[in-house]
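Hi everyone, thanks for coming. Let's take a few minutes to look at one protein together, starting with the whole chain and then moving to single residues.

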Amino acid sequence: VPANIAFGIGAAFMIFSAVKVVTTKNVVHAALYLVLVLAGVGLDYLLLQAEFVAITQFLVYIGAIVVLFLFAVMLTRAPLGTSDDLDNRRIRPAAILTALVLLVVTGGSLIASFGDDKVQFVTPNSVATVSDSIFSTYLIPFEVVSVMLLAALIGAIVLARKD
C-alpha cells in the first residue's frame, strides 16, 4: 500500500527532524528543522485526503509561523551560531523520562479511545465544510491566536530596539 509506505517514510523523517529541533545547539537550525516537521504534518494531511488543511498547513505554519520565529530570533539578537547555553546536561535524564511518560500516557489514551477503529473518509471532502467549521465555531480562538502572534512580534521589536 503506497500510502502506508509514504506515511512511514514521512513519520521517520518527522521524528528525526523533531529530535534535531530540540537537540541542536543552533537556534536558526532548530527553526529550519521545525520547517521539516511541519512539512511532514502537511504530508500527513495530504495522505488523509484533506487538501485544504494541507495547503493551509504549508502556507500558514511554514510560510508564516516559521518566518515569525526567525524574525523574532533576529530581532532579539539571539546568538546565530552554536551556543552551549542551549544545552543543560543535568536535566536531560528528567526530560527523557518526562517524554517517555508522555508517550506512554498519550499512546495508552489513543489505544483506549480508538482501539481498532478505522478512519472513515467522507467524500467529497468539501472546502466549504472545513471553512464553515473554522470560521463559525472556532472564529474567536482563531482571532485570539492572531492577536497573540501580533503581540509577540511587537514585544520582540520592543525588546530588540535600542534606546
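**A walk through the model**

Buried residues make up 16% of the 163 residues in this protein, where buried means under 20% relative accessible area, exposed means over 50%, and partly exposed is in between, using a 1.4 Å probe and protein chains only. Before we go on, please note that this is a predicted model: local features need pLDDT of at least 70, side-chain atom pairs count only at pLDDT 80 or more, and totals for chains, interfaces and linings use all residues. Residues are numbered from 1 along each chain as its sequence is written, and side-chain values use heavy atoms, with hydrogens and water left out.

How many helices and strands does the protein have? There are 6 helices and 0 strands; these are DSSP runs numbered from the N terminus, with helices being H or I of at least four residues and strands being E of at least two.

Contacts come next, meaning heavy atoms within 4.5 Å. Of the contacts with a separation of 6 or more, 65% are between residues 24 or more positions apart.

Now for the inside. The largest nonpolar core has 7 residues: Val-28, Ala-31, Leu-38, Ile-62, Val-66, Leu-70 and Val-73. The elements giving two or more residues to this core are α2 and α3, and α3 gives the most, with 4 residues. By a nonpolar core I mean a set of buried Ala, Val, Leu, Ile, Met, Phe, Trp, Tyr and Cys residues joined through side-chain atoms within 4.5 Å. In soluble globular proteins, nonpolar side chains tend to be buried together.

Is Asp-44 buried or exposed? Asp-44 lies in helix α2 and counts as buried because its relative accessibility is 18%. Leaving out residues up to four places away in sequence, Asp-44 touches Phe-7 and Met-14.

Where is Thr-24? You will find Thr-24 in the loop between α1 (2-23) and α2 (27-47). With a relative accessible area of 17%, Thr-24 is buried too. A polar atom of the Thr-24 side chain lies 3.5 Å from the backbone nitrogen of Asn-26. Again leaving out residues up to four places away in sequence, Thr-24 touches His-29 and Ala-30.

Our last stop is Ile-55, which is found in helix α3 (residues 51-75). Ile-55 has 45% relative accessibility, so this residue counts as partly exposed.

That's my tour, and I'm happy to go back to any part of it.

Conventions
Polar contact = N/O pair within 3.5 Å; in protein donor to acceptor, adjacent residues only side chain to side chain.
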